[in-house]
Structure formats: C-alpha cells, structure tokens
Amino acid sequence: MKEYLYAKKIKDFQGAEKLDNLLKKQDLQIGLAERQTALIEENGYIVLDFGKEINGGIRIFTYKASNVRVRIRFGESVSECYSELGGEQNATNDHSNRDFTTYLQNYSDMTFGETGFRFVRLDFYGKAEIKSIVAENYALKKPAQYVYTGKDERIKRIYEVAKRTVDLCAGKGYLWDGVKRDRLVWIGDIHPEMMALTTLYGRLPLIEKSLNFVKKQTPLPNWMNGYPMYSMWWIIIVTDYAFYTKAFDFAKSQLAYLDGLVEQMLSCVCEDGELNYPGYFVDWPTRNTVDEKAGARAINIIATKRAIQILQYFNRSTQRAQLLLDRLLKIEITVQASKQVLGLKYLAVGLAEEDKAKLTVGGARGMSTFMSYYVLKAVASFDKPKAIEMMKEYYGAMLDKGATTFWEDFNMDWVENSSRIDELPKTGEKDIHGDFGGYCYIGFRHSLCHGWSAGVLRFMQEELS
C-alpha cells in the first residue's frame, strides 16, 4: 500500500527560509498561485527528518525552479545523508540510487528515489521555490492478528518497531531482506521474516509468491541463491508455513521439488555422516569459523526433519529422507562459541548441558538480528526470564540509538561512546552507522531495515502470550 508522509522536522538548513511550510499538509497538487512555499537560495540546502524509516522515495512539488540542479541524498541515519560516496565509511549507491543529481522545473510534481531512508538532504544549485516534499512510502497494511498487550513498555516498543520493519520489507508484493539495497528474494534469509509475518497476519499470498519465485529461478540440481543451505531453508519455510497457517494446498504443490531436494542432499552426505557440499554458508558472523560446518549440519537436520514431517502429512514415502537423517545424526553437533549455531543446534537436536552457559555468557553479546529467534528460543528452553532479559537488552539497545526499524546486524560492542542514528556524532563519538558493520555490510552500506530482524515477533507470541 502506498501512503504519503510529511517530514516531522527540519533537521538542518542553510540559505533557506520559510521551511515550516514544508511541514504543513497541503493539497498534493501544484497550482499557479501557491502562497505557502519554502524559498531556497542558490547553494542552499535542507535536511528533512521524516521521523521513521521509509520504503520509497520523495515527491517534490516545485512552484518555481527553472531547470535547477539539485543533489538528493537519502539516509537511514542522519549522517548517511551527509556522506560522500566511497571513503572509509563506505557510502554506496549499490542496487538503488540514494545519492544522485537531477533537475527541478517550474510547476512540477516529480518523484525521485526508490530506497530505504528516514532522512533526506537536498542541495540546490540554483534558486527554488518549493511547495511540498513528501515521502512516498510502501508498506504492508493489514489488521494484525497478534498484538502485544502486556504492560512492559520496552517490549511494546520492540513489538511496534519489529512490525514496522517487516511491513516495509513486504510492502511491494515479495519478501525482501531490506529496503535500501537489492530487491532479491534471499530465501535463506527469510525464515524469520516468514515467522514474523505469519505471527502478525496468518496466511499471506506474498510468502507463497516468494517461495514459488525462487523455486522457478532454481531448477534442480542448482542451489537456491547459489548456497546449498538456502535450499534447505526453503524446505523449512515451506513446512513451517504450511503447519502454522494450514496452507496445505500450497505445500502439496511443492512436494515434487522437495523430493528432488532431499535426493540432492542425500548425494552430498556420505554414509559415515560427513558433509560433502560445495559450500557451508550459514551466516556472516560464522563465515569460515570453526562453528560454520556445525551450523550447516544443524540446518541439514532441521530441513530433513521438516521434510519428513510434511511428507508424512501427505502419506508419501519418507524412506530417502529418513536415510538422510540417519546419516546426519551419525556425527554430533559440537559448537565452540557461536550463539547462533547453538540456537540452530537447539532446534535440530536439543542442547547439551555445556551449551547452556555458552548461550547466556555476556547476555546479549554475541547475538545477531538474523538468528535472534533461534538464540532466544534456545535460552528460553532452560531459562525463560533470561531469554526475555536478553531480548530487551539487545533490541532495546537499537531503540536507544534511535532505531525505528531493526537492523541487518547489531553488536552490543557498538553501543559504548557511539552516536544515535538521528544525530550527527559529537566530537570523540563513533558513528553508530558509518563506523561499524562487517562482511558485506560495512559502514553506511549496513541496512537499518532488515526483515530478518523481526523474527523476534514469533518469540514474543510464543513466550509472552
């Protein structure tokens, strides 16, 4: 659903006046006799704050500007919209232009940008008279079946922000990771997003469209998105979705492909249980670590158990899937440090006593937004109050930094002496957005609205209701 949002405040400006007019709701139509306009001088600029994350662009109603050049910079943080492309803080136009120059014309109504943002900076290289600048936002709009009704204000805010995150990432008909970067269906990433959406809304056609899309894009023997574990996540998503929403008609249409995947997995697991896949990617924090292959084994086991579950429901043979599971269980899952892999191990085979201390050491330190549901569920299995405390610590820290949607990743070590996303860093402060991140999300490339972070909604429903 498309909606128009006005800026909440003028964050900064130079060489401009009457900017309060940009905060006033006016007719979204340009006229010949506009009286409430903002005036911007040549080389002036304005920075708008829309108050919360947006999925879309801006619509500019220009009263007077004869071929005036304007540079537009979108930012999920205020500092991102002050950044220059490249540099140590890695501001990018990857996949979607968020920093570009265009032109404004007299009596015009034009829309610019297709990205994720909360702030936008406009630098004018000529005089302009502007009636309105509104954000064009796309978000899923449906009545929620699950609403947190408890009295804990911190948890209530976590619920609201997680919901907004997944609503934006599902705003255009398919499931996306984040709204600032690529618009791909990364099937290995959306199990938490599927859980969040079905917790909120039940059965959703856009989930089925996304699962069918990636299947169509991946004829066997290819691996979805190029990663073997992602194909296993597809099995997990299809099965969990079917049993949670009773969408068994949809699941039935997936069985032929699922059978083929089970056979393909069986060819990659040796009789002694050793894995022989072309890759073992689980998530970025465990990439090339000693725990990565343990995480891959856990995903294999979860997917195989789900395959058996859905095949049994339809009275189909589980012989090959059971053989696969028997092989996988021949080797124990041993986890050295990763809380994410421990969460996966819990879902695959359960926890050993020595695993429990590793999950809670340091509280929320070592958690990731992608794996938060699995980690929290593992902790809740033996210490529910501790799991809730870790949830509030982890997600609450993002809220304290100004988050209106939850992020691609978050590390508790980033908290100390760092700025909020709605303020420029003070002298001696680290930029919470531009100075952190890792792997493929260094600096400003880091997405601050990532659907996988909303898996916490299912945890809340299961443990707080």
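Which side chain makes a polar contact with the side chain of E76? In this predicted model, the partner is K180, and the two side chains come to 3.1 Å.

E76 sits in a loop, the one that runs between strand β4 (68-75) and strand β5 (99-104). Its relative accessible area is 1%, so E76 counts as buried, the cut-off being under 20%.

Leaving aside residues up to four places away in sequence, E76 touches E53, G116, F117, R118, F119, K180, I421, H433, H446, S447, L448 and C449.

## Helices α3 and α4

Two packed helices are described by the angle between their axes and the distance between the axes. For helix α3 (residues 205-216) and helix α4 (residues 228-245), the angle is about 150° and the axes are 11 Å apart. Angles over 145 degrees count as roughly antiparallel, and α3 and α4 are therefore roughly antiparallel to each other. The crossing of α3 past α4 is left-handed.

On the α3 side, the residues that meet α4 are I207, E208, L211, V214 and K215. Their counterparts in α4 are W234, I237, V238 and Y241. Sorted by class, this contact holds 7 nonpolar residues and 2 charged ones, with no polar residues.

## Helix α9

Helix α9 (residues 339-348) has 10 residues, of which 8 are buried, so the helix is largely enclosed by the rest of the structure. The buried residues are K339, Q340, V341, L342, G343, L344, K345 and A348. Helix α4, described above for its packing with α3, is among the elements that cover them. The cover also includes α7 (292-313), α10 (353-360), α11 (372-380) and α12 (384-400).

Both ends of α9 have a local feature to note. At its start, a side-chain oxygen of S338 comes to within 3.3 Å of the backbone nitrogen of Q340. After the helix comes G350, with a positive phi near 95°.

## V161 in helix α1

Is V161, a residue with a relative accessible area of 1%, buried or exposed? V161 is buried, and its place is in helix α1 (residues 153-169). With residues up to four places away in sequence not counted, V161 touches L399, A403, T404, T405 and F406.

V161 can also be placed relative to L347. These two residues are 186 residues apart along the chain, and a distance of 26 Å separates their C-alpha atoms.

Conventions
Residues are numbered from 1 along each chain as its sequence is written. This is a predicted model: local features need pLDDT of at least 70, side-chain atom pairs count only at pLDDT 80 or more; totals for chains, interfaces and linings use all residues. Side-chain values use heavy atoms; hydrogens and water are left out. Axes are lines fitted to C-alpha atoms, for helices over the stretch in contact, and angles run from 0 to 180 degrees between N-to-C directions. Helices (H or I, at least four residues) and strands (E, at least two) are DSSP runs, numbered from the N terminus. Angles under 35 degrees count as roughly parallel, over 145 as roughly antiparallel, 65 to 115 as roughly perpendicular and the rest as oblique. A crossing is left-handed if the near helix is turned anticlockwise from the far one by less than a right angle, and right-handed if clockwise. Contact means heavy atoms within 4.5 Å. Ala, Val, Leu, Ile, Met, Phe, Trp, Tyr, Cys and Pro count as nonpolar, Asp, Glu, Lys and Arg as charged, and the others, Gly among them, as polar. Buried means under 20% relative accessible area, exposed over 50%, partly exposed in between (1.4 Å probe, protein chains only). A polar contact is a pair of N or O atoms within 3.5 Å; within protein, one must be able to donate a hydrogen and the other to accept it, and residues adjacent in sequence count only if both atoms are side-chain atoms.
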